[in-house]
Amino acid sequence: MSMAVLTILFLVAAIAIGFFRKLNVGVLSIMAAFFMGHILGLNDKQIITGFNGNLFFTLIGVTFLFSILNVNGTIELVAKRSVSMVGKHNWLIPIVMFLVGYILTAVGPGSIPLLAILPAFAIPVAIARGFNPLMMALIADFGAFAGRMSPITPEGLLVRELLATGGINDVARRKSQIICRVTHLGYYHDGDSLCYGYHRRISWY
């Protein structure tokens, strides 16, 4: 069995054990890396050289900062203030919701925490303004997906590091970011159309 296949199997096993046993997948993955490394005949020093300390501490710092902002209500407050600025212009609500998801994700926390926060905020706003709540939640999450490859998000940092290791230049990285954003703008357009269709039907009744 090749090293690549064995690595994937260990990763899948770590995720499965973490999910079912409610354990930290990261810690399990580190244990799996050492276990697999010794099976393949690597010593501890060779295994540790694959660990990127700079990336690790950058991810910890960014995640820790925005965890604080999430716990103290700053992110939710920014989202509410952004929506309240549109006043009675309901047609702006889906646009603002997408931009809120995009900006809050792109400035640092990444999509993982925002994907849980945004729907909880978007659904009550949609119900209050007569929009389809499911579509509004999806629009907010599409904004989060569009902003997730920012250079300072955990996902963006990880992808940039992996692309740089693979010898992929800045031009290719920028193209991948543009494709990601354009794709989710297309998803936004579809969700926005469904939102307005639902809104018109509610208004007609």
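Leucine 104 is found in helix α6. Helices here are DSSP runs of H or I with at least four residues, strands are E runs of at least two, and both are numbered from the N terminus. Leucine 104 has a relative accessible area of 11% and is therefore buried. Buried means under 20% relative accessible area, exposed means over 50%, and partly exposed lies in between, with a 1.4 Å probe and protein chains only. The C-alpha atoms of leucine 104 and alanine 79 are 8.3 Å apart in space, although 25 residues separate the two in sequence.

The model is predicted: local features need pLDDT of at least 70, side-chain atom pairs count only at pLDDT 80 or more, and totals for chains, interfaces and linings use all residues. Residues are numbered from 1 along each chain as its sequence is written, and side-chain values use heavy atoms, with hydrogens and water left out.

Threonine 105 also lies in helix α6. Its relative accessibility is 0%, so threonine 105 counts as buried. The side chain of threonine 105 reaches the backbone oxygen of glycine 101 at 2.7 Å. This falls under polar contacts, which are pairs of N or O atoms within 3.5 Å; within protein, one atom must be able to donate a hydrogen and the other to accept it, and residues adjacent in sequence count only if both atoms are side-chain atoms. Contact in general means heavy atoms within 4.5 Å. Not counting residues up to four places away in sequence, threonine 105 touches Gly110, Ser111, Leu114, Ala144, Gly147, Arg148 and Thr153.

The chain as a whole has ten helices and zero strands. From the N terminus on, its elements run α-α-α-α-α-α-α-α-α-α. Of its 205 residues, 34% count as buried. Among contacts with a separation of 6 or more, 68% come from residues 24 or more positions apart. The chain exposes about 12700 Å², and carbon and sulfur atoms supply 71% of that area. Accessible areas come from the Shrake-Rupley method with a 1.4 Å probe; for residues, only the protein chains shown count as cover.

The largest nonpolar core holds 23 residues. Such a core is a set of buried Ala, Val, Leu, Ile, Met, Phe, Trp, Tyr and Cys residues joined through side-chain atoms within 4.5 Å. Val83, Ile93, Met97 and Met136 touch the most other members. Two or more residues come from each of α5 (74-84), α6 (93-106), α7 (111-129) and α8 (133-147). In soluble globular proteins, nonpolar side chains tend to be buried together.

A nonpolar patch is found on the surface. Ile48, Phe51, Phe56, Phe57, Ile60, Phe64 and Ile68 form this patch, with about 730 Å² of accessible area together. Patches are made of residues with over 30% relative accessible area and no salt bridge; like charges are joined within 9 Å, and nonpolar side chains (Val, Leu, Ile, Met, Phe, Trp, Tyr) within 5 Å. A salt bridge is a side-chain nitrogen of Lys or Arg within 4 Å of a carboxyl oxygen of Asp or Glu. Helix α4 (residues 53-71) gives the most to the patch, with five residues. Phenylalanine 57 is found in helix α4. Its relative accessible area is 59%, so phenylalanine 57 is exposed.

Two loops were also examined. Lysine 22 lies in the loop between α1 (3-21) and α2 (25-39). Its phi is near 60°, a positive value in a residue other than glycine. Lysine 22 counts as exposed because its relative accessibility is 68%. Proline 151 is found in the loop between α8 and α9 (154-165). At 41% relative accessibility, proline 151 counts as partly exposed. Beyond residues up to four places away in sequence, proline 151 touches Leu157 and Arg160. Proline 151 and alanine 106 are 45 residues apart in sequence, with 8.1 Å from C-alpha to C-alpha.

Glycine 156 counts as buried, at 2% relative accessibility. Leaving aside neighbours within four places in sequence, glycine 156 is in contact with Arg148, Met149 and Ser150.
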